Amino acid sequence: MANDGPVEHGYPHLETVRAAVTALYRRLSYDTVRTYPTSVLPVDVAFCDTDDLYLGAQRVAHELVRHYRLPDARLVVSFREMRHAASVELTAGPEYFVELNDRFRDHRRDIGAALAHEVMHVYLHRLDLSFPGVRDNEILTDTAATYLGAGWLLLDAYREDGASSQKLGYLTPEEFGYVLAKRALVFGEDPSVWFTSAQAYTAYVKGMELARRDGQQPPLTAAGWAGRRRYARDRRHAPSGPPPPGVRYAFSPDGGGRLRVSFPCPTCHQRIRVPVRGRVRARCALCRSVLECDT
């Protein structure tokens, strides 16, 4: 939690975020991911200053348990002084103890954001899905919460001005915006209408720009002129060495000596390998995206 401290910007964790999206599709399957077409709605996690602190926190936690489809999980929420925004004790269940930073006693509108992250920890624990290392595992948790429809709360908790700042989660605002945009492109959902933070909206717009560029990289036919020209040049010299810096495609011969190109799926980032023979249509086996390519 950045509390009146510096907020990191940009995309320093982008490759881990993309790996997290791939891992989510692999562990859940396409069919399960598609059962989350609707995000948590603001009315379901609204918290008024007149609400009882503990009853209200339990209500929001129950709503997030329902959203993530953990019907047999019970969360007990408490508050104490701590460095981080929140923590959860991961046990065999069905009861889990969540502690929230005392700061949320006075910032109740952000309790839903903190709980979205902690309840996702429970969800991933139940799935036995994790990344090695604390940092990468927390990035996985933020990414999964966002992709499955609760992470817009984490981005909306980001506020920054000349005198103060607040950000929850391990992703940068732009990375949260990127994952939200990837979700929006899959489900046709516009989360920007729920933002109360102007800075969150700006981060989402920036994330959407990058998310759209994923679908405009060669050998996809939507690639721009400059990308297509560089791809044609690299294809002429392939596979004489490693791919040039800054490109995500790679050439290699198949068993018969014919040239193939591999590139990440713009939806789930799993690598796809197709023959180099002009116009081809590729179907990602993981997320079922159909991709028009000019190889």
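Colleague: Which residues lie nearest the centre of the second largest pocket, and how many line it?

Modeller: A pocket is an open set of points on a 1 Å grid over the protein atoms alone, with protein on both sides within 12 Å along at least five of seven lines, and lining residues have an atom within 4 Å of a point. Here 17 residues line the second largest pocket, and Asp214, Gly215, Pro266, Thr267 and Leu291 lie nearest its centre. This is a predicted model, in which local features need pLDDT of at least 70 and side-chain atom pairs pLDDT 80 or more, while totals for chains, interfaces and linings use all residues. Residues are numbered from 1 along each chain as its sequence is written, and side-chain values use heavy atoms, without hydrogens or water.

Colleague: Which elements supply at least two residues each of that lining?

Modeller: Helices (H or I, at least four residues) and strands (E, at least two) are DSSP runs numbered from the N terminus. The elements are α7, α8 (198-214) and β11 (290-294). The pocket holds about 290 Å³ of space, a volume being the space filled by probe spheres set on the joined grid points.

Colleague: How many cavities of 30 Å³ or more are there?

Modeller: In a cavity, a 1.4 Å probe fits but cannot get out. The count is 1, and the largest cavity has a volume of about 100 Å³. Among its lining residues are Asp214 and Pro266, both also named nearest the centre of the second largest pocket.

Colleague: What else does α7 do in the fold?

Modeller: Helix α7 (residues 173-187) packs with helix α1 (residues 14-28), their axes 10 Å apart.

Conventions
Axes are lines fitted to C-alpha atoms, for helices over the stretch in contact, and angles run from 0 to 180 degrees between N-to-C directions.
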